[in-house]
Amino acid sequence: MTVETDLNVNHSNPEVEPTQPLEDGAIKQVPVKKKTSCCTGLKVFLAALSFSYLSKTLSGTVMKSSITQIERRFDIPSSVAGLIDGSFEMGNLLVIAFVSYFGAKFHRPKIIALGCFIMSAGSILTAVPHFFMGYYKYETASHAVLSVNSTSSSSPCSVDQNVTVVSETLLEHPDSDCVKEASSHMWIYVLLGNFLRGVGETPITPLGISYLDDFAKEEDAPLYIACLHTIAMIGPIIGYLLGSLCASLYVDIGFVDLGSITITPKDSRWVGAWWLGFIIAGITNLIAAIPFCFLPKSLKKQEEENNDNISSDLSKMKGDQSKHHESENHQPVQWSVTSKGFFISLKRLFSNRLYVTFMCCTLLQVSSFIGFLTYKPKYMEQQYGQSASKSNFVTGVSALPAVSVGIFLGGLIMKKYKMGMIGATKFGFGMSLMAFLITLSHFFVGCENHVVAGLTVSYDGKPAAHHETALFSVCNSDCKCATNQWDPVCGDNGITYMSACLAGCKVSTGHGKNTVFHNCSCMETTDSQSGNTSVILGQCPKSDDCSRKFIYYTVLQVISAFFYALGGTPLYMVMFRCVHPELKSLAVGLFQLVMRALAGIPAPIYFGALIDRTCLKWGSRSCGQRGACRIYDSDAYRYTYLGLVAGFRVPSYFLAFLFYTMVKKQYQARDPKSTENGGQESVPMNKEANSKNSEYLSSSSDVERESCI
């Protein structure tokens with residue numbers, strides 16, 4: 001009767017376990033499972049981790065989309081802007097190895113929450129210099145005119161006679177304001193904020209991924225990680241759209257009369273509201289930290305949750321273990337033992353030939369990718385004559401959605417076809433190679449140089465010799481213009497002049513953006529279609545053929561990004577599976593440390609330094625120091641920028657082939673039947689996964705064992 005009653009109860013309440021007979025014939029009731037809160041589930045952690053990924057990628061993308069704005073606002077070269085961008089990696093490098101190893105032994109969700117709080121503080125610190133620098137004063141000839149004569153003049157050519165003398169006087173006898181500006185290095189605060197953001201981002205990936213992989217089914221882990229990265233791709237999309245919006249707004253919007261601004265978003269002196277994006281990113285990171293404060297230190301493995309029958313012996317063993325751990329919790333952690341285990345684990349990783357080869361191959365590809373992504377908006381601005389706002393917008397709505405779809409499909413394909421090491425390696429590197437071959441076609445869709453009198457063409461419209469600068473001609477020799485001023489004007493002949501003075505203009509009418517200069521003597525030396533001798537503010541737009549090439553570039557970029565992302569998830573899992581399960585957290589941390597130190601930090605710097613060498617005209621500050629570059633040699637920029645990308649990617653595929661050969665040899669030796677099922681050598685991978693618990697129990701210390709429960 002007792003058994004019968006218990007069975008009835010079990011049918012009516014599925015949460016009650018069936019009774020189990022003991023060895024002496026007695027009946028023991030298994031304790032009822034307590035209904036766990038939804039806030040402690042793996043899916044809640046996945047959702048919180050996805051939002052933290054979204055927030056951190058949003059912050060990173062805001063920095064990438066604002067790099068040219070920061071360069072212009074602080075009047076720094078691209079190499080210094082690259083140093084600012086690389087400071088994020090420096091912050092990561094500082095703590096990533098120790099967070100990856102020691103963080104796994106503590107409360108991982110709370111450590112991730114702390115990281116999100118630090119990221120929030122770093123993002124807000126990055127925006128702080130805007131509020132202490134005063135209004136942005138861009139380089140313009142009108143400022144020089146007012147400094148020479150307080151009365152306005154309508155003749156740029158005649159008024160500029162004394163500008164050169166005044167500039168020399170300022171350099172010889174600088175006033176206090178000039179000294180203060182020259183000694184100002186507010187960009188250092190941007191660097192420190194980005195550095196702090198890198199420190200805060202450190203625990204999210206290694207601790208989050210290892211936490212997810214510890215408590216998820218092995219066959220579900222690739223799909224979870226694919227979902228994680230797919231949702232995280234929403235961050236860059238929002239980041240680039242936000243960067244596009246901020247770049248279209250003037251930096252001092254709300255504080256200055258926009259009608260008096262003489263430059264447009266397509267001008268190389270334009271600075272958008274770069275600071276606004278960092279404030280929004282800081283608030284987002286703050287919100288992302290909140291859910292992790294309420295998540296538990298550990299969860300039940302999904303296989304355990306699906307097991308309906310739990311033996312009493314197992315329950316008793318767990319009770320004994322919990323008492324054992326409670327007694328050990330009062331004992332201090334032996335850091336000397338833990339540190340020794342760290343170096344032993346590190347040695348095991350470096351002795352893993354598969355892991356080291358894969359890391360070297362990925363290092364070359366990541367160096368190429370980081371340099372390409374950092375200066376991609378700037379490349380679109382200089383190569384195709386696009387504004388910073390449009391460059392960010394096109395990147396956000398075209399390439400990034402393709403990347404999101406590619407990452408998700410890559411995880412789905414890996415799960416559906418049950419790819420093992422050989423199959424995932426072949427598929428991942430194959431897609432990467434196909435993406436690279438498509439990228440090579442960017443060499444053939446570049447645009448010609450801007451037509452600038454005295455820089456790229458002569459004043460009569462003929463092509464100038466390479467790097468030959470002749471800013472003065474017969475048409476403007478009497479004007480004695482300042483050669484360090486960059487205030488371009490566009491003539492009806494399609495030629496851009498560095499200033500209205502160098503165009504030989506005698507009269508000006510209008511105000512702000514509507515200013516028009518007339519009677520320009522240099523316009524008479526060319527065959528103008530309409531015979532008009534007037535010029536307007538701003539550079540002349542590039543040809544219609546360049547606009548078509550920009551469309552081709554965008555299409556090729558979308559296709560290339562899709563194929564590259566398609567192999568991303570399989571390659572990410574390859575890195576996980578080529579190391580022992582208990583070392584995966586350290587493997588991810590060390591992998592990211594190497595990527596940060598040897599790719600993330602130096603790549604933006606030497607990419608920027610080489611791009612600086614293609615500059616045709618540098619801007620100047622009010623004190624005469626060299627500012628940001630105003631115009632580049634388009635051909636030299638394209639070959640330098642894309643040549644560096646190709647220079648890293650080509651040797652990486654030789655290492656990829658070597659890695660594939662090593663994987664094929666090792667896993668076919670373990671499972672000769674793996675070639676019969678398309679490389680689905682699941683047996684060796686499952687062996688590693690299934691031996692995880694047994695190896696922990698046999699060789700791990702009690703402290704390590706507790707962190708894995």
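Cys 520 is buried, at a relative accessible area of 0%, where buried means under 20% relative accessible area, exposed over 50% and partly exposed in between (1.4 Å probe, protein chains only). Cys 505 is also buried, again at 0%. These two cysteines form a disulfide with their sulfur atoms 2.0 Å apart, a disulfide being a pair of cysteine sulfur atoms within 2.5 Å. The torsion about the S-S bond of Cys 505 and Cys 520 comes out at about 100°, so this disulfide is right-handed. The pair links distant parts of the chain, 15 residues apart: Cys 505 sits in the loop between strand E4 (496–497) and strand E5 (507–509), and Cys 520 in the loop between strand E6 (516–518) and E7. Helices (H or I, at least four residues) and strands (E, at least two) are DSSP runs, numbered from the N terminus.

A word on provenance. The model is predicted, so local features need pLDDT of at least 70 and side-chain atom pairs count only at pLDDT 80 or more, while totals for chains, interfaces and linings use all residues. Residues are numbered from 1 along each chain as its sequence is written, and side-chain values use heavy atoms, with hydrogens and water left out.

Back to the sulfurs: the structure holds four disulfides. One of them joins Cys 447 to Cys 546, at 2.0 Å from S to S. With a torsion of about 105° about its S-S bond, the link of Cys 447 and Cys 546 is right-handed. Cys 447 lies in the loop between helix H20 (421–439) and strand E3 (489–491), and Cys 546 in helix H21 (residues 544–566), so the bond ties together parts that are 99 residues apart in sequence. Both ends are tucked away: Cys 447 is buried at 3% relative accessible area, and Cys 546 is buried at 1%.

Another disulfide is formed by Cys 490 and Cys 540, whose sulfur atoms are 1.9 Å apart. The link of Cys 490 and Cys 540 is right-handed too, with 110° about the S-S bond. It connects distant parts of the chain, 50 residues apart, with Cys 490 in strand E3 and Cys 540 in the loop between strand E7 (535–537) and H21. Cys 490 and Cys 540 are buried.

Not every cysteine pairs up. The sulfur of Cys 116 has its closest cysteine sulfur in Cys 293, 8.9 Å away and too far for a bond. Cys 116 is buried, with a relative accessible area of 0%, whereas Cys 293 is partly exposed at 34%.

Turning to charges, a search of the whole structure finds ten salt bridges, each a side-chain nitrogen of Lys or Arg within 4 Å of a carboxyl oxygen of Asp or Glu. One of them brings together the side chains of Asp 75 and Arg 630, at 3.9 Å from N to O. Asp 75 lies in the loop between H2 and helix H3 (78–102), and Arg 630 in strand E9 (residues 626–632), so this contact ties together parts that are 555 residues apart in sequence. Asp 75 and Arg 630 are both buried.

Asp 487 forms a salt bridge with Arg 269, the closest N and O atoms being 2.9 Å apart. Asp 487 is in the loop between H20 and E3 and Arg 269 in the loop between helix H12 (234–248) and helix H13 (274–289), so the pair ties together parts that are 218 residues apart in sequence. Both Asp 487 and Arg 269 are buried.

An α-helix has 3.6 residues a turn, so residues three or four places apart point the same way. Asp 545 counts as partly exposed at 32% relative accessibility, and Lys 549 is partly exposed at 22%.

As for H2 itself (residues 42–73), this helix has 32 residues and reaches 45 Å from its first C-alpha to its last, close to the 46 Å expected at 1.5 Å a residue; the expected span is 1.5 Å times one less than the number of residues. Of the 32 residues of H2, 27 are buried, so the helix is largely enclosed by the rest of the structure.
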